[in-house]
Amino acid sequence: MMTSRWRWIIIVIAMLLLAWAVYHRSYQVGSLLIAIVAYMVWSHFKEGTVVLASEAFQNKEYDKARKLLADIKNPEYLRRRRRSYYEFINGNLYLQLLDDSSAERHFQLASRLPFRRPNDKAIVFVHLANINLRKKDYERVRAYLAKASEIEVSSRIAQIINRIENEIPKK
């Protein structure tokens, strides 16, 4: 749970310590430092700052969440579960900016990725249904609601699905 800047600072310090360890022929310490550097590089690409952005988003610090997500230069390298939350948070941030097309794109990407809880995936489909309801694309609304209904959801999400279904005009 570090930003890229802190990861690179740790890598530089570890490399300096590695040089010191090799100079003093302390190979056990050197191998530990190599492992630390490898983990920092791996976590930079596979973990990113998604957890920090999620915490900022939950605390309603939306500008901070945007900056933390912008710190991830290649989201396609993230682990699948991290990528799903990356797309989910990005979609919500674009919804707040009233940019429905970008929000829909991020939610569609998130809908194809695994989530830890089924309720989270249902929320993605509910957001997609809401966006298409505003666009008056009722066929897509029905499709997204059908996908959300297939998932085991909480009673709160089920109520939201019912409300959206009631807003769809009958033919």
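The model is predicted, with local features needing pLDDT of at least 70, side-chain atom pairs counting only at pLDDT 80 or more, and totals for chains, interfaces and linings using all residues. Residues are numbered from 1 along each chain as its sequence is written, and side-chain values use heavy atoms, with hydrogens and water left out.

Ser-111 belongs to helix H6, residues 100-111. Helices here are DSSP runs of H or I with at least four residues, numbered from the N terminus. With a relative accessible area of 15%, Ser-111 is buried, a term for values under 20% with a 1.4 Å probe and protein chains only. Beyond its neighbours within four places in sequence, Ser-111 is in contact with Lys-121, Val-124, Phe-125 and Leu-128, where contact means heavy atoms within 4.5 Å.

Asn-90 is in helix H5, residues 80-96, and counts as buried because its relative accessibility is 10%. Its contacts, apart from neighbours within four places in sequence, are Leu-69 and His-106. Ala-65 is in helix H4, residues 62-70, and is buried at a relative accessible area of 0%. The C-alpha atom of Ala-65 is 4.4 Å from that of Ala-53, although the two residues are 12 apart along the chain.

How do H4 and H5 pack? Their axes are 11 Å apart, at an angle of about 135°; axes are lines fitted to C-alpha atoms, for helices over the stretch in contact, and angles run from 0 to 180 degrees between N-to-C directions. The two helices are therefore oblique to each other, the class left over once angles under 35 degrees (roughly parallel), over 145 (roughly antiparallel) and 65 to 115 (roughly perpendicular) are set aside. From H4, Tyr-62, Ala-65, Arg-66 and Leu-69 meet Tyr-86, Ile-89, Asn-90, Leu-93 and Gln-96 of H5. These residues divide into 6 nonpolar, 2 polar and 1 charged. Nonpolar covers Ala, Val, Leu, Ile, Met, Phe, Trp, Tyr, Cys and Pro, charged covers Asp, Glu, Lys and Arg, and the others, Gly among them, are polar.

H5 also packs with helix H3, residues 50-58: their axes come within 10 Å and cross at roughly 35°. On the H3 side the contact involves Val-50, Val-51, Ala-53, Ser-54 and Phe-57, and on the H5 side Arg-82, Tyr-85, Tyr-86, Ile-89, Asn-92 and Leu-93. Here the division is 8 nonpolar, 2 polar and 1 charged.

A further pair is formed by helix H7, residues 118-134, and helix H9, residues 155-167, whose axes come within 11 Å and cross at roughly 20°. H7 and H9 are therefore roughly parallel to each other. Asn-119, Ala-122, Ile-123, Val-126, Ala-129, Asn-130 and Leu-133 of H7 make the contact with Ile-157, Ile-160, Ile-161, Ile-164 and Glu-167 of H9. The residues of this contact are 9 nonpolar, 2 polar and 1 charged.

Notes
Buried means under 20% relative accessible area, exposed over 50%, partly exposed in between (1.4 Å probe, protein chains only).
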